[in-house]
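User: Let's go through this one together, starting with the charged side chains.

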Amino acid sequence: MADSLEIRQPAARQTEVAGPEVQQPEVQLIAAAAADALDRADEVVDRLLESGRNPGDILVLTVGDAHPWQQHELSFGEERYWAQLTEGGDVFYADAALSRPARREAVVLVVNGGSADRAAEAYTKVLGHAVALLVVCGDAGPEATAAAGASADRPVPARGATA
């Protein structure tokens, strides 16, 4: 299934917000049932890394249960776990309710459980964490679908690739 994810460059979008233009990340949807969302997210992360994105440019946020890698990292203690976010040297995994400041070039939102309201709320919040690209694995509601337009299951962009 990983071969179905191709790589292409995101188109920058700008939105007028009561004054200056604000860059909005490109939103891409990857169809997945909640039970499959983590696997699809891992495929997206692999593709982003294979395409040349730096690990520290990627943030993975889950709506349901924690990602297994997050659980692993937390086993070394909270202090070490949060230090990794600050250091920014590796892919960082957290709950979508992340309250600490974190902006990364590419954010993967994993809708692997939780209510439809929590998924939609997470989508809105996660937009603030993504600089260039937000990939939603699973169903984050109509706002996410509308933001991605008619482009569900679009290829995952590479850093510096051309369309």
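Predicted model: local features only at pLDDT ≥ 70, side-chain atom pairs only at ≥ 80, totals over all residues.

**Salt bridges, sheet, confidence**

User: Which side chain meets Arg80 in a salt bridge?

Analyst: Glu87's, at 3.0 Å from N to O. The rule is a Lys or Arg side-chain nitrogen within 4 Å of an Asp or Glu carboxyl oxygen. Numbering runs from 1 along each chain as its sequence is written, and side-chain values use heavy atoms, without hydrogens or water.

User: How many salt bridges in total?

Analyst: Three. Another joins Asp95 and Arg118 at 2.6 Å, N to O. Asp95 is in strand β5 and Arg118 in helix α4 (116-126), so the pair ties together parts 23 residues apart in sequence. Helices (H or I, at least four residues) and strands (E, at least two) are DSSP runs, numbered from the N terminus.

User: And Glu43, buried or exposed?

Analyst: Buried, at 14% relative accessible area; buried is under 20%, exposed over 50%, partly exposed in between (1.4 Å probe, protein chains only). Glu43 bridges to Arg40 at 3.2 Å, N to O, and Arg40 is buried too, at 9%.

User: Switching topic: what's the strand order in the sheet?

Analyst: β3-β7-β6-β4-β5, an open sheet with parallel pairing (a pair needs at least two DSSP bridges). The edges are β3 (26-30) and β5 (92-95).

User: Where does pLDDT stay under 50?

Analyst: Over residues 6-19 and 158-163. The chain averages 83.

Methods: pLDDT = per-residue confidence, 0-100. Contact = heavy atoms within 4.5 Å.
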